[in-house]
Amino acid sequence: MDADSHSDRWSQLNRIVGMAMSVLPHELGCDDCLEFFAAFADYHLNGTAIPESLRPVSEHLDRCPACLEEMRILVQAMKSE
Ligand SMILES: [Zn+2]
């Protein structure tokens, strides 16, 4: 287990979330949503609560079966890494 790469991963994640906070509109389109899928899936796989800033992604997934399917595939892929 490489502790350094793990913390790198989290600082990267925090940066994405910070970015999400500044750019996410209330209503996300599919393309906007895709950019945050990796971060979202990371939280999901870690069992960490989804941060408030990624809430619009979560809401989009509730409304959009196509993105939900994309997310499901991504989570599966990350699990088997
Ligand atoms: Zn969508």
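**Exercise 1. Find what share of the residues in the protein is buried.**

Buried residues make up 12% of the 81 residues in the protein. A residue is buried if 20 or more other C-beta atoms lie within 10 Å of its own, exposed if 12 or fewer, and partly exposed in between; C-beta atoms are placed from the backbone.

This is a predicted model: local features need pLDDT of at least 70, side-chain atom pairs count only at pLDDT 80 or more, and totals for chains, interfaces and linings use all residues. Residues are numbered from 1 along each chain as its sequence is written.

**Exercise 2. List the elements and say where confidence is lowest and highest among them.**

Step 1. The protein has five helices and zero strands. From the N terminus on, the order is α-α-α-α-α. Helices (H or I, at least four residues) and strands (E, at least two) are DSSP runs, numbered from the N terminus.

Step 2. The average pLDDT of the protein is 85, and 85% of the residues score at least 70. pLDDT is the predictor's confidence in each residue, from 0 to 100.

Step 3. Among the elements, helix H1 (residues 3-23) has the lowest mean pLDDT, 75. Helix H5 (residues 65-79) has the highest, 94. Where pLDDT is low, the predicted coordinates should not be read in detail.

**Exercise 3. Classify Phe36 and Phe37 as buried, exposed or partly exposed.**

Step 1. Count for Phe36. There are 22 other C-beta atoms within 10 Å, so Phe36 is buried. Its C-alpha atom is 7.5 Å from that of Ile16, 20 residues apart along the chain.

Step 2. Turn to Phe37. Phe37 is in helix H3 (residues 37-46). Phe37 has 18 C-beta neighbours inside 10 Å, so it counts as partly exposed.

Step 3. Look for partners of Phe37. Leaving out residues up to four places away in sequence, Phe37 touches Glu70, Met71 and Leu74. Two residues are in contact if their C-beta atoms, placed from the backbone, lie within 7 Å.

**Exercise 4. Describe how H3 and H5 meet.**

Step 1. The axes of H3 and H5 come within 10 Å and cross at roughly 60 degrees. Axes are lines fitted to C-alpha atoms, for helices over the stretch in contact, and angles run from 0 to 180 degrees between N-to-C directions.

Step 2. H3 and H5 are therefore oblique to each other. Angles under 35 degrees count as roughly parallel, over 145 as roughly antiparallel, 65 to 115 as roughly perpendicular and the rest as oblique.

Step 3. On the H3 side, the contact is made by Phe37, Phe40, Ala41, His44 and Leu45. On the H5 side, Glu70, Met71, Leu74, Val75, Met78 and Lys79 take part.
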